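Reader: I am new to reading protein structures. Please show me how to go through one, feature by feature.
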Amino acid sequence: MLDRLSTSQEELESVELQEDAEASGCTRICDCSDRQIVKVTGTLRTVTLRPRAGVPALEAELFDGTAPLDVVWLGRRSIVGIEPGRKLIASGRISMSHGRRVLFNPKYELRPLGQE
């Protein structure tokens with residue numbers, strides 16, 4: 001009980017996200033390595049439109065309580081349901097770009113809003 005009272009809200013959310021990933025059989029983002037095919041889950045922290053090489057690209061940062069992962073949909077300006085605070089499961093091949101993990105054009109499944 002005392003531990004829960006002395007723990008910050010961010011740490012409590014991180015523990016909750018890690019438990020969710022474990023329960024759904026997903027790989028923790030911190031355990032993902034370059035060129036590995038993975039299935040990860042977490043919460044979208046940011047969503048931005050950032051062109052790459054003149055092509056529109058929707059970028060989102062997925063966080064599972066262990067590490068961030070950049071999720072990029074090339075050729076897309078928006079995707080219905082992809083918004084900050086939304087939970088999702090994404091799968092695909094991890095790549096490293098400028099020291100960050102990136103997942104390009106992943107298969108994804110939006111988690112129901114009632115589970116948040």
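Author: We take the strands, the core, the rings, the cysteines and the backbone in turn. This is a predicted model, in which local features need pLDDT of at least 70 and side-chain atom pairs count only at pLDDT 80 or more, while totals for chains, interfaces and linings use all residues. Residues are numbered from 1 along each chain as its sequence is written, and side-chain values use heavy atoms, with hydrogens and water left out.

Reader: How many bridges join strand 1 to strand 2?

Author: First, the terms. Helices (H or I, at least four residues) and strands (E, at least two) are DSSP runs, numbered from the N terminus. Two strands pair if DSSP finds at least two bridges between them. Here strand 1 and strand 2 run antiparallel, joined by six bridges. In this pairing V47 stands opposite A60 in strand 2. Strand 1 also pairs with strand 4, again antiparallel, over seven bridges. There I37 faces R93 in strand 4.

Reader: Which residues touch the most other members of the largest nonpolar core?

Author: In soluble globular proteins, nonpolar side chains tend to be buried together. A nonpolar core is a set of buried Ala, Val, Leu, Ile, Met, Phe, Trp, Tyr and Cys residues joined through side-chain atoms within 4.5 Å. Buried means under 20% relative accessible area, exposed over 50%, and partly exposed in between (1.4 Å probe, protein chains only). The largest core here has 18 residues, and V40, L62, L69, W73 and I82 touch the most other members. Strand 1 (37–49), strand 2 (57–63), strand 3 and strand 4 (87–97) each supply at least two residues of this core.

Reader: What is L62 in contact with?

Author: Contact means heavy atoms within 4.5 Å. Leaving aside neighbours within four places in sequence, the partners of L62 include I29, V40, L69, V71 and L88.

Reader: How do I read a pair of aromatic rings?

Author: Such a pair is described by the distance of the centres and the angle of the planes. Rings of Phe, Tyr and Trp (its six-membered ring) pair if their centres lie within 6.5 Å; planes under 30 degrees apart count as stacked, over 60 as edge-to-face and the rest as tilted. This rule gives one aromatic pair. W73 and Y108 are edge-to-face, 5.5 Å centre to centre, with 75° between the planes. The pair links distant parts of the chain: W73 is in strand 3 (residues 68–74) and Y108 in strand 6 (residues 107–110), 35 residues apart.

Reader: Is W73 buried or exposed?

Author: W73 is buried, because its relative accessibility is 4%. Y108 has 33%, so Y108 counts as partly exposed.

Reader: How many disulfides are there?

Author: A disulfide is a pair of cysteine sulfur atoms within 2.5 Å. The whole structure has zero disulfides. For C26, the nearest cysteine sulfur, that of C32, is 9.7 Å away.

Reader: What should I look for in phi?

Author: Most residues other than glycine have a negative phi. R35 is not a glycine, yet its phi is positive, about 70°. R35 sits in the loop between helix 2 (9–23) and strand 1. With a relative accessible area of 53%, R35 is exposed. H98 also has a positive phi, near 55°. H98 lies in the loop between strand 4 and strand 5 (100–104). At 82% relative accessibility, H98 is exposed.
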